[in-house]
Amino acid sequence: MSYRLEIEARSANGKKDGDAAQALRDASATYRLRQAPPTDGEGLVRRLQADINPMLDALWGLGRYNAEIDVTVDGIPVTLDETDLAAAVHRAESFRNRGIIPVKVVARLGPVFKLRAVDVDYPREMIPQRLPRRAFPLKPGDPAISANLRAAQLKLIDWFRSNGHPLAKVADVKATVDHAATAMDFRLRVEAGPKAGIGHVAISGGGDIDPRVVATHVHLREGEPYSPERLVLMKTSIARIPAIGGIRIREGDELDANGNVPIFIDVTERPKHAAGLSARYSTIDGPGVSTYYEHRNLFGNAERLRLDASASLLRRLDGSSSLNFGDIRASDFGGRFTATFLKPGLYGTPNDLLVEATAFRERVGNNDLGGYTNDAVRGTVGVIHRFSEMAWVQAGLQVERSQSQDVLGRVDATLIGVATSGRYDTTDNLLDPTRGVRLAATMNTYSKLMGSTIDLYEARIAGSTYYALDEDANYVLAGRLAAGSLGGAPLARIPDAHRFFSGGGGSVRGFIFNTISPMMFGKIIGGRSLVEGSAEMRVKVTPTIGVVPFVDFGTASSSSLPNFDDYVGYGAGIGLRYLTPVGPIRLDVATPLNPRPGDSRWAIYVSIGQAF
């Protein structure tokens with residue numbers, strides 16, 4: 001028998017309450033099953049009777065402990081009293097083969113109850129002073145909303161666990177409601193359990209992956225103080241192994257003989273093969289496509305072989321257009337091909353072997369500012385050493401052969417030397433960080449003694465920081481600074497790919513990629529040093545939509561030490577973020593604040609992930 005259900009909730013002044021009405025709908029089986037009506041009137045009335053207590057519980061959860069609910073079938077009340085059942089059933093049956101049964105639920109909410117007394121019983125010898133507010137935020141006068149009460153209990157246990165008590169638990173909870181006073185007395189007792197350390201770490205699962213490889217990404221030491229944050233970092237470290245899919249971390253229910261809590265890690269293997277295709281577009285840098293293939297467990301020890309290829313339509317430096325298909329020449333295409341082999345946990349140590357080969361062709365600039373073309377082949381063999389989940393360094397041998405051309409002439413160079421880099425990362429998310437810092441540094445030394453055609457010393461450091469203004473990270477301040485310097489050979493003998501330029505979607509938005517640079521003969525030539533930075537305010541408007549106003553600046557200088565004697569480019573704009581479980585999809589619109597002849601008035605960037 002079809003029915004039409006109307007649900008509303010009204011406060012004491014008669015005003016409708018949408019949140020309470022939604023809570024009633026969520027609790028009502030009659031509402032959820034409205035597309036599957038019962039076969040007779042008694043079935044409908046029984047369904048409504050079964051809804052009364054769950055709907056009252058839902059209103060109690062909102063702190064409305066004096067709430068009353070009226071349920072009617074075409075004006076006939078439905079209650080939990082069986083003597084009222086017949087009249088409601090009879091009225092429902094009167095609509096058989098005649099029409100849709102009108103059903104109404106009206107909730108009279110009453111006042112929101114307040115907490116009158118709040119008492120937490122915990123071992124006073126452990127914490128003689130009062131609990132900090134960050135550990136237990138409830139206080140007398142707060143609304144007695146059940147969701148807040150549950151959240152406060154979880155937060156309290158998390159606080160004890162963060163202070164080294166892994167077995168902490170809420171042993172007893174008592175909530176006493178005084179209906180006449182519209183108040184609640186809330187008391188709970190916490191058993192903190194002993195302070196403990198990290199115990200033995202056992203690793204299981206992983207399919208064809210040797211657990212000893214996973215163990216090299218576990219930087220915990222047996223006996224170190226217990227910390228949930230350390231376990232989260234450990235999970236992040238293990239997740240960096242490309243062959244690992246799922247990671248589950250369990251803690252022992254009791255301490256071992258040494259007073260430590262055992263840790264159990266269950267891992268699952270990802271599919272061995274993966275491939276992908278993506279496209280990108282910028283209004284000033286043009287279109288491009290990328291593809292990759294990856295084998296994540298090549299020889300059974302989580303070795304990764306990855307092949308990346310990309311192609312793009314290059315901007316012509318003579319000012320002519322390459323957007324008409326009939327005018328496209330072979331020289332209008334640029335691209336990059338990279339093959340990478342990574343062997344994690346080399347000989348059971350926190351060291352990874354990296355072998356990488358790259359070939360690329362690029363052209364940067366425009367008719368007004370000039371630019372450069374660069375063709376290069378580069379190979380690297382190195383070792384990555386992981387100090388912890390947050391810090392690593394890489395060192396190895398790098399060989400490069402390149403040919404570049406700009407207003408200073410053609411440069412043919414062979415570079416052979418030692419390449420080193422390092423990274424420190426405490427952020428909470430790779431693609432959308434809200435807290436923490438990132439630091440990255442590179443130092444490469446190419447010497448004639450090793451077979452290079454020039455002596456070249458290059459250094460670069462970059463850092464970014466993220467600060468959430470609220471607990472839910474709906475407002476995040478983000479900032480980035482970078483600097484670099486070149487030494488050794490004269491600028492005219494250094495390949496363009498190693499000179500410093502600024503501008504583009506990853507640096508100063510609004511400018512053509514790599515066109516902020518010192519100039520000669522009215523054309524860009526690149527610099528021997530670099531300073532650039534960005535600031536963003538990331539605002540989450542809804543759970544899936546974000547807005548990001550931003551400002552960027554950047555300059556490349558002629559001297560080896562950064563200064564602001566050369567042109568400094570400033571860009572600003574606003575971005576839109578579509579927040580997905582994988583990461584944010586970024587759409588940025590930017591404009592140069594101090595454009596030069598040839599600069600576009602605005603630019604659009606589309607990509608996955610935040611700008612930095």
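User: In this predicted model, what are strands, and in which strand is S402 found?
Analyst: Strands are DSSP runs of E with at least two residues, numbered from the N terminus. The run that covers residues 391–406 holds S402. The strand asked for is β17.

User: Is S402 buried or exposed?
Analyst: Residues under 20% relative accessible area count as buried. S402 has a relative accessible area of 3%. Beyond residues up to four places away in sequence, S402 touches several residues, including N374, D412 and P495. Because its relative accessible area is 3%, S402 is buried.

User: How are α3 and α4 oriented to each other?
Analyst: The axes of helix α3 (residues 41–61) and helix α4 (residues 85–93) come within 8 Å and cross at roughly 130 degrees. An angle over 145 degrees would count as roughly antiparallel, and 65 to 115 as roughly perpendicular. The crossing is right-handed. The two helices α3 and α4 are therefore oblique.

User: Which residues make the contact of α3 with α4, and how many of them are charged?
Analyst: Helix α3 contributes G41, E42, V45, R46 and Q49, while α4 contributes L85, A88, V89, A92 and E93. Of the residues in this contact, five are nonpolar and two are polar. The charged residues number three.

User: In which sense do β5 and β7 pair?
Analyst: Strands of a sheet pair through backbone hydrogen bonds, either parallel or antiparallel. Between β5 and β7 (residues 183–191) there are seven bridges. D119 stands opposite R187 in β7. The sense of the pairing of β5 with β7 is parallel.

User: Is N97 buried or exposed?
Analyst: N97 lies in the loop between α4 and β4 (101–108). Its phi is near 60 degrees, a positive value in a residue other than glycine. Because its relative accessible area is 82%, N97 is exposed.

User: Is A302 buried or exposed?
Analyst: A302 is placed in the loop between β12 (286–295) and β13 (304–313). Phi of A302 is positive, near 65 degrees, in a residue other than glycine. Because its relative accessibility is 1%, A302 counts as buried.

Conventions:
Residues are numbered from 1 along each chain as its sequence is written. This is a predicted model: local features need pLDDT of at least 70, side-chain atom pairs count only at pLDDT 80 or more; totals for chains, interfaces and linings use all residues. Side-chain values use heavy atoms; hydrogens and water are left out. Helices (H or I, at least four residues) and strands (E, at least two) are DSSP runs, numbered from the N terminus. Buried means under 20% relative accessible area, exposed over 50%, partly exposed in between (1.4 Å probe, protein chains only). Contact means heavy atoms within 4.5 Å. Axes are lines fitted to C-alpha atoms, for helices over the stretch in contact, and angles run from 0 to 180 degrees between N-to-C directions. Angles under 35 degrees count as roughly parallel, over 145 as roughly antiparallel, 65 to 115 as roughly perpendicular and the rest as oblique. A crossing is left-handed if the near helix is turned anticlockwise from the far one by less than a right angle, and right-handed if clockwise. Ala, Val, Leu, Ile, Met, Phe, Trp, Tyr, Cys and Pro count as nonpolar, Asp, Glu, Lys and Arg as charged, and the others, Gly among them, as polar. Two strands pair if DSSP finds at least two bridges between them.
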